[in-house]
Amino acid sequence: MARPTTSFTCTSCGAVHKKWAGRCDACGAWNSIVEEAPLSAAPSAKSLGAARGKTVPLSDLSTGEPEPPRAASGMAELDRVLGGGLVPASAILVGGDPGIGKSTLLLQAAASFARAGLRCLYVSGEEAGAQVRMRAERLGLADAPVKLANETNLRDILTTLDAERPDLVIIDSIQTMWADMVDSAPGSVAQVRAAAHELTAFAKRRGCAVMMVGHVTKEGQIAGPRVVEHMVDTVLYFEGERGHQFRILRAVKNRFGPADEIGVFEMTGEGLAEVANPSALFLSDRGDPAPGAAVFAGIEGTRPVLTEIQALVVPSPLGTPRRTAVGLDTGRLSTTLAVLEARCGIPFAGLDVFLNVAGGLKVTEPAADLAVAAALLSAREDAALPQQTVLFGEISLSGALRPVGQTENRLKEARKLGFTQAIAPARSKLGVSTGVEVRQMTDLAAFVGQIFGAG
Ligand code: TYD
Ligand code: MG
């Protein structure tokens, strides 16, 4: 028998290497390779081929089984992010920075589901039972029929779950779980992978939904191999800026609902409060229109959300001016700056550019391009944009404005919040009249000409 040797696994993509390297050949990530003890139970390819397995039952596509009913927690923001409630037997991974509020969110979720009639079990591997109980007390959840366990041994947890048969189990966190058949330390790639695999298999076998907390690395990915994200049905990220009280729960993958759906919460002294109207919240600090501010009518998942995009443009003392973006992709900012320079003749050379999405939301929609360009121009020219105006539209590299989806929803939301005008790409599908006056423009140069004079 071959002597088991340690292997080196990439924490980013899960590729296994014979020796350590600074960069993973498979995915190109730097400093992601860690040493791993061998998987003692891993069957070799030869043994799989030699011994015949049993035939698996096959079915056709129209088995006609009705979709199992989803369970609603009563926390509307959470239910929507899950795609309309919790699907039985689903495995859900909730990622987020330490201290962002994952344990708080999941304790509140467990209590809500328990009050809605589900048998819920909360397994904490991080905090002592007394700590969790104290938090429940403070959040006013002490009377909710949630069972609590303080354990990290996966084998014991699974045996307990087999006996208890809960409808929902919460594992806080996957990095603290320890599977005794894997010969490496808790939190290592092999342990996280084994724990996630066992728990996902348990979910499918017993029809019990499993929600796992996953810590996030400095680079913003769930610590542990990417394969964990592929294993589960749903991946949610709980995000927010440190100084802000707003928290956003975002579905980045969902086999049972739309991805990119968001739920908005506010961290208060009594735990997380749901925010039913995020647009009002994100625009609440707005004073009079100021240079450098543009209101973007965006869509997050199935819901329109208005946000303010803020820009600051100042002469740079540096040889290479700064390009800083918070809540927006820096690459996208560079592209917009390049298009403004090449297609509209407005250079940003020698100027530091800072861009920010107010409220701590992360905007990923290309439809934000026009609002970004407008904020940049407004900051550079030191001229405020027209009052009560929202903007949306994608900018192509040629400088043309491309129509985006869900125009009608964007305009309705704008109307609801008191906006009377919108600037949108030409050929936008306006739908029914929303009471918002829409100025349609074919390209960025036309926008510059009409809003800022000759530019
Ligand atoms: P926690 O849920 O422990 O974060 P995570 O599990 O993601 O590490 O949340 C910790 C933070 O939340 C902590 O800084 C305090 C804050 N918090 C409140 O502001 N109000 C509350 O009611 C609770 C429970 C926590
Ligand atoms: Mg925690």
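## The seven-strand sheet

In this predicted model, seven strands form an open sheet with mixed pairing, in the order β15-β16-β14-β13-β17-β20-β21. Strands are DSSP runs of E of at least two residues, and helices are runs of H or I of at least four, numbered from the N terminus; two strands pair if DSSP finds at least two bridges between them. The edge strands, each pairing on one side only, are β15 (323-326) and β21 (437-441). From one strand to the next, the twist averages 25°.

Strands β17 (residues 389-391) and β20 (residues 421-425) run parallel and are joined by three bridges. Val-390 stands opposite Ala-422 in β20.

## Helices on the sheet

Helix α9 (residues 330-344) packs on the sheet and touches β15 and β16 (351-357), contact meaning heavy atoms within 4.5 Å. The direction of α9 makes about 125° with that of β15; angles run from 0 to 180 degrees between N-to-C directions, with axes fitted to C-alpha atoms, for helices over the stretch in contact. Helix α12 (residues 444-451) also packs on the sheet, touching β17, β20 and β21.

## Surroundings of ligand 1

Arg-135 has a polar side-chain atom 2.8 Å from an oxygen atom of ligand 1, and a backbone N or O atom of Gly-99 lies 2.7 Å from an oxygen atom of the ligand.

## Basis of the values

Residues are numbered from 1 along each chain as its sequence is written, while chains are lettered from A and ligands numbered from 1 in the order in which they are written. Local features need pLDDT of at least 70, side-chain atom pairs count only at pLDDT 80 or more, and totals for chains, interfaces and linings use all residues, while side-chain values use heavy atoms, leaving out hydrogens and water.

Note on methods: A polar contact is a pair of N or O atoms within 3.5 Å; within protein, one must be able to donate a hydrogen and the other to accept it, and residues adjacent in sequence count only if both atoms are side-chain atoms.
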